[in-house]
Amino acid sequence: MGFRVYRVDRDFTPFPVIKGGGDARMVTGASTGATTRTMGYVVMKPGQENVPHRHPASEDIIYILQGHGTAVDLDGGAAHPYRPGSVILVSAGTRHAVTSAGPDDYISIGGPCPPDRSMLTVPQS
């Protein structure tokens, strides 16, 4: 594989994780042959949320570039507010969801490490 440079505007695999649309792109991960890291790019409009899901063998690391809202630990019942500059760390196996409260669009980068191949095809519940 060597060295590659990817562009979020053209080098991605869409993945269906946002209720009601949104824009979720897997830039690097299982689809590009990455074995230890994932980098996704997600945009949600205010009021949107991702499909509640879990990554059985992966931690999910999400860096918030823009937007405000809540990250929810659906197993523990705790809701955690986030803002630009926040990093959300979800332990492997924890069912979780992220909601966008606005007023700006939510934009984040990150994803499960190691890559979770199941998220490229079917939303998890």
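So, the largest pocket: about 160 Å³ of space lies in there. By pocket I mean an open set of points on a 1 Å grid over the protein atoms alone, with protein on both sides within 12 Å along at least five of seven lines; lining residues have an atom within 4 Å of a point. Volume here is the space filled by probe spheres set on the points, which are joined across faces, edges and corners.

Quick caveat: this is a predicted model, where local features need pLDDT of at least 70, side-chain atom pairs count only at pLDDT 80 or more, and totals for chains, interfaces and linings use all residues. Numbering runs from 1 along each chain as its sequence is written, and side-chain values use heavy atoms, with hydrogens and water left out.

Okay, who lines the pocket? Among others, A71, V72, D73, H80, P81 and Y82. β5 (69-73), β6 (78-82) and β7 (87-90) each put in at least two residues; strands are DSSP E runs of at least two, numbered from the N terminus. The lining splits into seven nonpolar, four polar and one charged, with Ala, Val, Leu, Ile, Met, Phe, Trp, Tyr, Cys and Pro as nonpolar, Asp, Glu, Lys and Arg as charged, and the others, Gly among them, as polar.

Technical notes: 1 Å grid on protein atoms, 1.4 Å probe; cavity = no way out; pocket = protein on both sides within 12 Å on 5 of 7 lines; lining within 4 Å. Helix = DSSP H or I, 4+ residues; strand = E, 2+ residues; numbered from the N terminus.
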